[in-house]
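Student: I'd like to go through the labels on this one and ask what backs each of them up. Can we set the numbers against the cut-offs as we go?

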Amino acid sequence: MAAFGAASAGAGATGAPPSIRDDEGQTIALKFPAARIVSLAPGATAMMFAAGAGAHIVGTSDYSNEPEAAQRIERVGDSQSLDIERILALHPDVVVVWSSGNSAAQIAKLERVGLPVYRHRIRRLADIPDSVRRFGALAGTSEVAMPAADELNARIAALEQRYAAGSGGTMLVQVWDHPIYTVGQSELMTDVVAICGYRNIYADLPEAGPAVSLESVLERNPDVILVVGPDRAAADEWLHGWRAYPTLKAVRTGRLIPWTDQRLSRLGPSMVDATEALCSALWR
């Protein structure tokens, strides 16, 4: 991990600006720690607050609503459509983008107008602490970010240790009903399920959110069906539909679990809280 403190010392001797590597390993060169940041990723916004850099965020995207203070930051667009003129008017030192969520065309447009771009992406729960540390280095708030990241890291390690011997069986993670959408190999929830001692039946699919057929689910025959619904009514309705297939092991054993904790999909530090809650619920 690069830190601005060390880089700044080197800058005085060599004349080179400090630099930091983003989550994709690309180097971002700045003259000083970023005092004005536009965050176009809700998860990154939450991580920056955890890193002590919330006050540095001058603009953010729709759905950046965690923590509560993030809701008061000026909005500059969503994952597919950005107001470039508004972003430029905010005079950011750096723009943080969600490399797997923001439009590639929009990211290219930011770079064409000369804005430094920091690419944010986490693939596993264990990536969250390192990302928090990097944001602390980016904003010059490492004194807050380092202990916050250490705490998150310890909690994740405790989960991995507690459920390492768990053999809960196979699980379908359903995130939509018609058609049936699930999560694949590259989706963070697959890692969460594994940490809790279960195996996602579609972990072999490379897509993050693949659509699958009813026939495929019946063939793979999960031990547990976890329905991650937008609300409890929707989750219960989706689960009720599975009861029409009594040959499924999850139906026969009553392992049909509704889950509406939205923190599980927010890609910020609260995913650790959500994982703790989910693991506990699965092993009651």
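This is a predicted model: local features need pLDDT of at least 70, side-chain atom pairs count only at pLDDT 80 or more; totals for chains, interfaces and linings use all residues.

Student: Why is W238 called buried?

Tutor: Its relative accessible area is 7%. Buried means under 20%, so W238 gets that label.

Student: What makes W176 and W238 an edge-to-face pair?

Tutor: Two values decide that. The ring centres are 5.6 Å apart, and the cut-off for a pair is 6.5 Å, so W176 and W238 count as an aromatic pair. The planes make 70 degrees, and over 60 is edge-to-face.

Student: What does the pair of W176 and W238 tie together?

Tutor: W176 is in the loop between β7 (170–174) and β8 (180–181), while W238 belongs to helix α9 (residues 232–242), so the pair joins parts that are 62 residues apart in sequence.

Student: Is W176 buried, partly exposed or exposed?

Tutor: W176 has 44% relative accessibility. Buried needs under 20% and exposed needs over 50%, so W176 lands in between as partly exposed.

Student: Why is the pair of Y198 and W283 called tilted?

Tutor: The centres of Y198 and W283 are 5.5 Å apart, with 55 degrees between the planes. Under 30 degrees would be stacked and over 60 edge-to-face, so 55 degrees falls to tilted.

Student: Where do Y198 and W283 sit in the chain?

Tutor: Y198 is in the loop between α7 (188–195) and β9 (199–200), and W283 is in the segment after α11 (270–282), so this pair ties together parts 85 residues apart in sequence. Y198 is buried at 6%, whereas W283 is partly exposed at 37%.

Student: How many aromatic pairs are there by this rule?

Tutor: The count is four.

Student: On to charges. What makes R121 and E24 a salt bridge?

Tutor: Their N to O distance is 4.0 Å. The rule asks for a side-chain nitrogen of Lys or Arg within 4 Å of a carboxyl oxygen of Asp or Glu, so R121 and E24 are listed as a salt bridge. R121 lies in the loop between β6 and α5 (127–139), and E24 in the loop between β1 (19–21) and β2 (27–29), so parts 97 residues apart in sequence are tied together.

Student: Which other salt bridge does E24 make?

Tutor: E24 also meets R123, at 3.2 Å from N to O. R123 is in the loop between β6 and α5, 99 residues from E24.

Student: Why are E24, R121 and R123 described as a network?

Tutor: E24 bridges to R121 and also to R123, so the three residues are linked in a network of salt bridges. R121 at 27%, E24 at 29% and R123 at 39% each count as partly exposed.

Student: How do you know that D223 and K249 form a salt bridge?

Tutor: Their closest N and O atoms are 3.3 Å apart, and the limit is 4 Å. D223 is in the loop between α8 (214–220) and β11 (224–228), and K249 is in helix α10 (residues 249–252), 26 residues away. D223 is partly exposed at 24%, and K249 is partly exposed at 29%.

Student: How many salt bridges turn up in the whole structure?

Tutor: The search finds 16.

Student: What about R119: buried or exposed?

Tutor: Buried: R119 has a relative accessible area of 14%, and the cut-off is under 20%. R119 is found in strand β6 (residues 117–120).

Student: What makes R119 and E111 a polar contact?

Tutor: Their side chains come to 3.1 Å, and a polar contact has N or O atoms within 3.5 Å. Beyond its neighbours within four places in sequence, R119 is in contact with several residues, including D22, E24 and I107.

Student: Why is β6 called an edge strand?

Tutor: The open sheet of four strands runs β4-β3-β5-β6, with parallel pairing. Both β4 (57–60) and β6 pair on one side only, and they are the edge strands. Neighbouring strands in this sheet are turned by 25 degrees against each other on average, direction ignored.

Student: Which helix packs on the sheet?

Tutor: Helix α4 (residues 104–112) does, touching β5 (94–98) and β6, and its direction makes about 155 degrees with that of β6.

Definitions and conventions. Residues are numbered from 1 along each chain as its sequence is written. Side-chain values use heavy atoms; hydrogens and water are left out. Helices (H or I, at least four residues) and strands (E, at least two) are DSSP runs, numbered from the N terminus. Buried means under 20% relative accessible area, exposed over 50%, partly exposed in between (1.4 Å probe, protein chains only). A polar contact is a pair of N or O atoms within 3.5 Å; within protein, one must be able to donate a hydrogen and the other to accept it, and residues adjacent in sequence count only if both atoms are side-chain atoms. Contact means heavy atoms within 4.5 Å. Two strands pair if DSSP finds at least two bridges between them. Axes are lines fitted to C-alpha atoms, for helices over the stretch in contact, and angles run from 0 to 180 degrees between N-to-C directions. Rings of Phe, Tyr and Trp (its six-membered ring) pair if their centres lie within 6.5 Å; planes under 30 degrees apart count as stacked, over 60 as edge-to-face and the rest as tilted.
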